[in-house]
Each structure stands twice: as C-alpha cells, then as structure tokens.
Amino acid sequence: MASEYSSLAHALTEALVDLAWFIDGADDEQTDLDDAVKALEGMAASLKHLSSDQRRDLLDVLGGMTEAEADPARREFLEAFPQDFGLVDE
C-alpha cells in the first residue's frame, strides 16, 4: 500500500496540525479548557527543541499544507501555526 505522504515529516506534521486544530476548536463540552491549554503548550514546548534543520523542514511542510488548504478557517490556523507554536521569531 502506497503512502499518500511524501515523507515521515509530512505525515507527522499533518497529525500534529490535526490534533492542534481539534484541541483549538473544541468547545467546553468536548474538552476541559485547562487541559486543552496544557496540551497546546506541551506541543509548543516540544517544538522548541527542534534543530534548525528540523524546524525548516516542518515550516516547509506547513507552507505546502497552507497553500493547498481550501477551508479559509483552517488556512488561517495554518498561517498562524508557526508563530503560535514558537517556530518563528516574534
């Protein structure tokens, strides 16, 4: 079975973004706000430990995902992702 992803980095980036998108969009009935914030902060903290090459690879995949995204709300989320998760300097 052929993979639809060009690389492991692409597959993992898609999974990370999908999880962050779900947590960010979840309402109070779906998840506890404190737990959601902790989960997103944990993701950001993990991403801060990437090497510059790993960060560049992740940003490249995110850029491609953003360009391909048809849903305006998700595209906006993808555009903000690098800043929101500390992948770029403020």
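Biologist: Which residues touch the most other members of the largest nonpolar core?

Modeller: In this predicted model, they are Val17, Leu47, Leu62, Phe81 and Phe85, out of 17 residues in that core. Helix H1 (8-25), helix H2 (33-47), helix H3 (52-68) and helix H4 (72-84) each give two or more residues to this core.

Biologist: What does valine 17 touch, not counting residues up to four places away in sequence?

Modeller: Valine 17 touches Leu62, Met65, Arg74, Phe77, Leu78 and Phe81. In soluble globular proteins, nonpolar side chains tend to be buried together.

Biologist: Why is arginine 74 called buried?

Modeller: Its relative accessible area is 10%. Buried means under 20%, so arginine 74 counts as buried.

Biologist: How do you know that aspartate 18 forms a salt bridge with arginine 74?

Modeller: The closest N and O atoms of the two are 2.6 Å apart. The cut-off is within 4 Å, so the pair qualifies as a salt bridge. Aspartate 18 lies in helix H1 and arginine 74 in helix H4, 56 residues apart, and the pair links distant parts of the chain. Asp18 and Arg74 also belong to a network of salt bridges with Glu69.

Biologist: Is aspartate 18 buried, partly exposed or exposed, and why?

Modeller: Its relative accessibility is 37%.

Biologist: Why does glutamate 14 have no salt bridge?

Modeller: The nearest side chain of opposite charge, arginine 74, is 4.6 Å away. Leaving aside neighbours within four places in sequence, glutamate 14 is in contact with Tyr5 and Met65.

Biologist: How many salt bridges does the structure hold?

Modeller: Four. One of them joins arginine 56 and aspartate 53, at 2.4 Å from N to O. These residues are three apart in helix H3, which means about one helical turn separates them.

Biologist: What makes the contact between glutamate 79 and arginine 75 a salt bridge?

Modeller: The N to O distance is 3.8 Å. That is within the 4 Å cut-off, so the pair counts. Glutamate 79 and arginine 75 are four residues apart in helix H4, about one helical turn.

Biologist: Why is arginine 75 called partly exposed?

Modeller: Arginine 75 has a relative accessible area of 28%. This falls between 20% and 50%, so the term is partly exposed. Glutamate 79, at 49% relative accessibility, also counts as partly exposed.

How values were computed:
Residues are numbered from 1 along each chain as its sequence is written. This is a predicted model: local features need pLDDT of at least 70, side-chain atom pairs count only at pLDDT 80 or more; totals for chains, interfaces and linings use all residues. Side-chain values use heavy atoms; hydrogens and water are left out. A nonpolar core is a set of buried Ala, Val, Leu, Ile, Met, Phe, Trp, Tyr and Cys residues joined through side-chain atoms within 4.5 Å. Buried means under 20% relative accessible area, exposed over 50%, partly exposed in between (1.4 Å probe, protein chains only). Contact means heavy atoms within 4.5 Å. Lys and Arg count as positive and Asp and Glu as negative; His and the chain ends are not counted.
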